[in-house]
Amino acid sequence: MKFLVRNDLHNADRPPLGRTESYMDDLLAKQEETFDIAHRTGCRFIVDTGDWFHKFRGVVNINRLLARLLELYDRRPCDIYATGGNHDFSYSGAESVFTMPFGVLVRAGVINWLDEARVIDGALFVPRNWEPYIDNLPHIFKLRPEELALRPKNARTIMVAHASILPPGEDRPYPHHKADKLPTEMLNVLHVGHIHEDLGIHQLPSGCWFA
């Protein structure tokens with residue numbers, strides 16, 4: 001099984017503070033480049049860990065951005081599976097999905113929203129979409145009985161999460177999770193979005209790989 005993981009695309013119609021005026025064009029070009037990489041390396045699908053969109057400030061022509069995204073993603077080389085991040089939902093969490101731009105892409109069928117666990121290419125993918133206070137709720141990373149019941153025999157279990165999760169040796173002055181303290185015994189891989197730094201790939205005491 002081979003798939004490409006992307007984190008925190010932060011698509012926006014106008015550049016966030018400190019970014020160049022070509023932000024939208026540059027970001028769309030980067031996403032097209034990921035299509036080329038996925039095609040060239042034979043990836044079966046792409047997985048996104050949340051924050052497809054950037055929080056908008058002021059009046060924004062969201063329709064222009066969505067039109068560009070829909071045009072681009074019509075050319076996707078494979079299926080795309082995505083969790084939602086804090087920039088993709090309102091403060092009510094995942095229940096707001098279809099009132100947000102992220103939900104437009106889901107409704108259009110260009111991305112598959114990982115709103116619940118599912119088997120993809122023989123592996124069990126378990127999502128943890130952003131929700132209010134997720135960084136104060138370590139218990140939500142424990143696999144639920146209904147999720148475990150879906151796992152094929154001897155299949156890998158891969159969690160895709162949007163939360164502040166840090167590897168051993170890293171710390172932050174805000175609420176977060178330590179990867180080696182989470183219940184990862186039933187996981188093979190934990191793919192994480194939300195923090196915009198390269199924190200590397202680490203094998204945890206449980207044997208799970210954190211990326």
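Helix 2 (residues 62–73) and helix 3 (residues 101–108) pack at an angle of about 35°, and their axes lie 11 Å apart. Axes here are lines fitted to C-alpha atoms, for helices over the stretch in contact, and angles run from 0 to 180 degrees between N-to-C directions. The crossing of helix 2 with helix 3 is right-handed, a term applied if the near helix is turned clockwise from the far one by less than a right angle, and left-handed if anticlockwise. Ile62, Leu66, Leu69 and Leu70 of helix 2 meet Pro101, Val104, Leu105 and Ala108 of helix 3, contact being defined by heavy atoms within 4.5 Å. By class, this contact comprises 8 nonpolar residues, with no polar and no charged ones; Ala, Val, Leu, Ile, Met, Phe, Trp, Tyr, Cys and Pro count as nonpolar, Asp, Glu, Lys and Arg as charged, and the others, Gly among them, as polar.

The model is predicted: local features need pLDDT of at least 70 and side-chain atom pairs count only at pLDDT 80 or more, whereas totals for chains, interfaces and linings use all residues. Residues are numbered from 1 along each chain as its sequence is written, and side-chain values use heavy atoms, with hydrogens and water left out. Helices (H or I, at least four residues) and strands (E, at least two) are DSSP runs, numbered from the N terminus.

An open sheet of 6 strands has the order 5-6-7-10-12-11, and its pairing is mixed; two strands are taken to pair if DSSP finds at least two bridges between them. Strand 5 (118–120) and strand 11 (202–203) stand at the edges with a single partner strand each, so one side of each is left without a neighbour in the sheet. Within this sheet, strand 6 (residues 123–128) pairs with strand 7 (residues 157–162) in the parallel sense over 5 bridges, and Arg128 has Ala161 of strand 7 as its bridge partner. Strand 7 is also joined by 5 bridges to strand 10 (residues 189–193), again in parallel. In this second pairing, Ile158 is bridged to Val189 of strand 10, and His162 stands opposite Gly193.

Strand 7 is mostly covered, with 6 of its 6 residues buried, where buried means under 20% relative accessible area, exposed over 50%, and partly exposed in between (1.4 Å probe, protein chains only). In a regular strand the side chains alternate between the two faces of the sheet.

The largest nonpolar core has 46 residues, a nonpolar core being a set of buried Ala, Val, Leu, Ile, Met, Phe, Trp, Tyr and Cys residues joined through side-chain atoms within 4.5 Å. Trp52, Tyr73, Phe102, Phe141, Ile165 and Leu190 have the most contacts inside this core. Helix 1 (23–40), helix 2, strand 3 (79–82), helix 3, strand 6, strand 7 and strand 10 each supply at least two of its residues, and helix 2 gives the most, with 5 residues. Tyr73 touches Arg6, Leu9, Gln31, Phe35, Trp52, Ile80 and Val110, with residues up to four places away in sequence not counted. A second, separate core of 11 residues includes Phe3, Val47, Leu114 and Phe125.

A further open sheet consists of 4 strands in the order 1-2-3-4, with parallel pairing. Strand 1 and strand 4 (112–113) stand at its edges, each having a single partner strand, so one side of each is left without a neighbour in the sheet. Strand 3 and strand 4 pair in the parallel sense over 2 bridges, and Tyr81 has Asn112 of strand 4 as its bridge partner. At 26% relative accessibility, Asn112 counts as partly exposed. Leaving aside neighbours within four places in sequence, Asn112 is in contact with Asp79, Ile80, Tyr81, Ala82 and Arg118. Asn112 and Asp48 are 64 residues apart in sequence, and their C-alpha atoms are 10.0 Å apart in space.

The loop between strand 1 (3–6) and helix 1 contains Asp8, and His10 lies in the loop between strand 1 and helix 1 as well. Phi of Asp8 is near 50°, a positive value in a residue other than glycine, and His10 has a positive phi of about 55° although it is not a glycine. Asp8 counts as buried at 12% relative accessibility, and His10 counts as buried at 6%.
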